[in-house]
Structures are given as C-alpha cells and as structure tokens.
Amino acid sequence: MPTPSLTALPIRRLTRRDLTACADLSEDRGWPREEHKWGFLLTAGKGYGIDDPDGGLVSACVVTEYGPQDQPDLGAIGMVLVAGRHARQGIGRRLMRHVVSAMGTTPLTLHATPYGRPLYEELGFKVTGRAEMLCGHFTPGGPPPEVATRAVTAEDLTGILRLDGEVFGADRTHIITRLPAFADQLRVAEENGRIIGYAAAWPNMDTHVVGPLIARDTATAKALIGSLAAHTDRPLRTDIDVRHEELLTWAKEHGLASTAFNAVMTYGIAELPGDWSRRFAPLTVAAG
C-alpha cells in the first residue's frame, strides 16, 4: 500500500516547464529521455503528474484531445510512468483513475505494453487492436514507387487537414499544424493534383519516427516511407497497425525489424473512429 504521504500528494497539471522532470522520469524507468516528444505532447496536450517531495516527479502522463475543445470526440492517453522507487504502490492506478474521471464522457484510447495492460483492463479499457513496432535502417530496392511524393508546401495544409479528418475520424488540427515545426520531414503523395496521403518523420533520440502515416492504400504508404527514408541517414521507427500485413512484410524486407507489440485499447467506445484501412501508423503511440 502507498504510504500516507504518497496517497495525499496532489495530482496537478503539467506544463512545458516540467519537460526536464518528465524526461528524468523516463530515464528513471529505463526509457529514452525523448525530450523532443515530451515538449510536443506537453504543448499540444494536457500533462498530469504528482510531485515527489524529494524532487522530481513520482508519476506523469499526457492526454491528447481531439475534436471540439469544449467536448472532445476522443482522448489519447500516453507516457504513463511511475518512478522506480514508487513502483507497485498503486500510484499509476491513482493517476489513471484521476485522468479517466477528468475526461468525463470523452471516449479514450491508449497503446498498452504487456506490462501496463492489466492495469488498464482493471480500469475498464478493452483491447480493440494491435500495433507492431518496427525499427531499423531502411534498405531501398525493388520496383520504383507507383505513387508520386514530394515535400509539403504551405498550400497543402488544407488538403492534409481534410484527408486527416476523414481518416482519423476526429479533428486534430492542433496536432497537424504543429508538424512542420516538430518534424524534420513532412511529405505528401498526390494523384492528379489531389493529396491521397501524407507522412512525417520526426527526430527521436537517434531515430526518425515515421508518423502519422495516412495513405489511400498500401502502395501509397510504401511510397511515402521510401521517400522519407531517402532523405535521412538515421534508422526509421514506426508503429504499424497489424491489419496492414502487406506493408509490414514489405518494411521487414527493406531492413526494418519487429521490436515489440502494443495492444490498442479503448474506453467508452467499441472501436476507434475513422477509417483504419487508410490509417497505417500514429504520430506516436502516446498520442494515438
């Protein structure tokens, strides 16, 4: 059981000023510091945390909301962490219960590791899908792409937002409009002047994470990944919905290796909104 002092510690909103403390917490649990990602999530979403009286954070997580600000259509929970010295004392459960309560009737989603899944199931989350994490140096080869891709311009934003809303099933303008500053690359696929897919590659420690990856079909998704890989020397990392078997096979044939599986879980809805057949990878598993 938690000590009385830990039980009584207040849960507060985190801000970008807490970035270093959040990165320290990641490092404490053996995760990369991921300061670039933490900064993005704390700015675009809502952070929640518990301060440690001895300094730093006892626990933290971030919620990214989508849809109308006063009544979101969906909330994605991520970066749920408890300091190692306070693990297995119910702190994570308390923080999660607070977040679920704070979100009211808003449907929720998260990507759960095998370690975290039992807690989320206890809180009422249901497994509705799975994502496979791939990482490695992309090896080009094979037939040329069937789809044309290019770097995004300012004029593309309206088309990207329209496509993203269709596919994701909720408005995430506040996320998409931050991508040009957050990502090192942002590319679109087009056909007859119409945007049929887009993808970003953003820096995370020594890798480039591919996400979001939205595409009309698998051929378009392949073209976007290949074009992003052609413009970086870093290993790529991405988290692909396991239903996209053809893309997973192709990525593995081109040097990316499977490193983990996460369960996609929902609360308050039977499945995620939008069109999964065109949604290949999230921006990050922490934000859905």
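Predicted model: local features only at pLDDT ≥ 70, side-chain atom pairs only at ≥ 80, totals over all residues.
A residue counts as buried here when its relative accessible area is under 20%.

Helix α3 spans residues 35-44 and is mostly covered, with seven of its 10 residues buried. Those buried residues are Lys37, Trp38, Gly39, Phe40, Leu41, Leu42 and Ala44.

One partner of α3 is helix α2 (residues 19-28): the two pack at an angle of about 130 degrees, and their axes are 9 Å apart. That angle makes α2 oblique to α3. The crossing of α2 past α3 is right-handed. On the α2 side, the contact is made by Leu19, Cys22, Ala23 and Ser26, and on the α3 side by Glu35, Trp38, Gly39 and Leu42. Five of the residues in this contact are nonpolar, two are polar and one is charged.

Now for the aromatic rings. The structure holds six aromatic pairs, and two of them are set out below.

| Pair | Distance between ring centres | Angle between planes | Kind |
|---|---|---|---|
| Tyrosine 120 and phenylalanine 125 | 6.2 Å | 65 degrees | edge-to-face |
| Phenylalanine 138 and tryptophan 250 | 5.4 Å | 50 degrees | tilted |

Tyrosine 120 and phenylalanine 125 are both buried. In the other pair, phenylalanine 138 lies in the loop between β6 (126-136) and β7 (148-151) and tryptophan 250 in helix α10 (residues 245-253), so the pair ties together parts that are 112 residues apart in sequence. Phenylalanine 138 has 17% relative accessibility and therefore counts as buried; tryptophan 250, at 14%, counts as buried too.

Back in α3, Phe40 is one of the buried residues, and Phe40 forms one aromatic cluster with Phe182 and Trp202.

How values were computed
Residues numbered from 1 in each chain as written. Heavy atoms only, no water. Buried < 20%, exposed > 50% of the residue type's maximum accessible area, 1.4 Å probe, protein only. Helix = DSSP H or I, 4+ residues; strand = E, 2+ residues; numbered from the N terminus. Axes fitted to C-alpha atoms, helices over the stretch in contact; angles between N-to-C directions. Parallel < 35°, antiparallel > 145°, perpendicular 65-115°, else oblique. Left-handed = near helix turned anticlockwise from the far one by under 90°. Contact = heavy atoms within 4.5 Å. Nonpolar A, V, L, I, M, F, W, Y, C, P; charged D, E, K, R; others polar. Phe/Tyr/Trp six-rings, centres within 6.5 Å; stacked < 30°, edge-to-face > 60°.
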